[in-house]
Amino acid sequence: SVFAPYRVLNMGFGWDRTQNVLWRLDHGQLDGLKPEVVVILIGTNNTSETENARANDADEIAEGLRAICDRVEAKVPNARIVVMAVFPREKEPDHPRRVLIREINERYAKLAEERGYAFVDIGPRLLEPDGTLSSETAPDYCHLTERGYRHWAEALRPLLPAR
């Protein structure tokens, strides 16, 4: 209902980290495109340790976002950039990953303010009144359900050009 009037290209891929996005931007992912709006949601996977990559701290993740924004600005200078706060993960509000995500989002908000980007944090809409993340919103406490996607779409609606 929100995106039907637009031509939308979703470039989000499972397990993406900031460095994966940078690689794709450096290898032509935006070449030839002229988007009006670019929505950037990245960083949650950088909070995970994997066999091939260590978890990153908030400063490193924010630096990755900064580099992504630099590339996007260079490739599509007329696009409006919207930076999304990293969505809450894990059920409990005091989980260490939640604390890290709050630190990341503080840095993201500052970067967006410095550069005049829109910053959208739907985290509070995704959480229950007690601060927990419901399995009705994210059954694995990470990936959104339709309910979560509706919150996201509604938050983006006022930032999209009129159609």
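Colleague: Why is E90 called buried?

Modeller: The relative accessible area of E90 is 18%. Buried means under 20%, exposed means over 50%, and partly exposed is what lies in between (1.4 Å probe, protein chains only). Since 18% is under 20%, E90 counts as buried. Please keep in mind that this is a predicted model, where local features need pLDDT of at least 70 and side-chain atom pairs count only at pLDDT 80 or more, while totals for chains, interfaces and linings use all residues. Residues are numbered from 1 along each chain as its sequence is written, and side-chain values use heavy atoms, with hydrogens and water left out.

Colleague: Where is E90 found, and what about its phi?

Modeller: E90 sits in the loop between β2 and α3. Those labels come from DSSP runs numbered from the N terminus: helices are H or I of at least four residues, strands are E of at least two. The phi of E90 is positive, about 70°, although E90 is not a glycine. Y141 also has a positive phi, about 60°, and is not a glycine either; its place is in the loop between α4 and α5.

Colleague: How do you know whether Y141 is buried or partly exposed?

Modeller: Y141 has 24% relative accessibility. That value falls between 20% and 50%, so Y141 counts as partly exposed.

Colleague: How do you know whether R24 counts as buried or exposed?

Modeller: R24 lies in helix α1, residues 18-26, and has 16% relative accessibility. That is under 20%, so R24 counts as buried. Leaving out residues up to four places away in sequence, R24 touches M11, F13, D16 and Q29.

Colleague: What makes a set of residues a nonpolar core?

Modeller: A nonpolar core is a set of buried Ala, Val, Leu, Ile, Met, Phe, Trp, Tyr and Cys residues joined through side-chain atoms within 4.5 Å. The largest one has 27 residues, and I40, L65, I68, V72 and Y108 touch the most other members. At least two residues each come from α1, β1 (37-40), α2 (58-75), β2 (80-84) and α3 (96-115). Helix α2 gives the most, with eight residues. Another core lies apart from it, with 14 residues, among them M84, V120, L144 and A155.

Colleague: Why is the crossing of α2 and α3 called right-handed?

Modeller: A crossing is right-handed if the near helix is turned clockwise from the far one by less than a right angle, and left-handed if anticlockwise. The axes of α2 and α3 cross at roughly 35° and come within 9 Å, and their crossing is right-handed. Axes are lines fitted to C-alpha atoms, for helices over the stretch in contact, with angles from 0 to 180 degrees between N-to-C directions.

Colleague: Which residues meet there?

Modeller: Residues of α2 including L65, R66 and C69 meet residues of α3 including R107, Y108 and L111. By class, this contact has nine nonpolar, no polar and eight charged residues. Ala, Val, Leu, Ile, Met, Phe, Trp, Tyr, Cys and Pro count as nonpolar, Asp, Glu, Lys and Arg as charged, and the others, Gly among them, as polar.

Colleague: How do you know where the buried residues of α5 lie around its axis?

Modeller: In α5 (residues 146-156) the buried residues are G148, W152, A153, A155 and L156. They cover an arc of only 160° around the axis, which puts them on the same side of α5. The arc is that of the directions from the helix axis to the C-beta atoms. What covers these residues includes β1, β2, β3 (118-120) and α4 (123-126).

Colleague: And Y117, buried or exposed?

Modeller: Y117 has a relative accessible area of 11%, which is under 20%, so Y117 is buried. Y117 lies in the loop between α3 and β3. Apart from residues up to four places away in sequence, Y117 touches C69, E73, I81, V83 and A112.

Methods:
Contact = heavy atoms within 4.5 Å.
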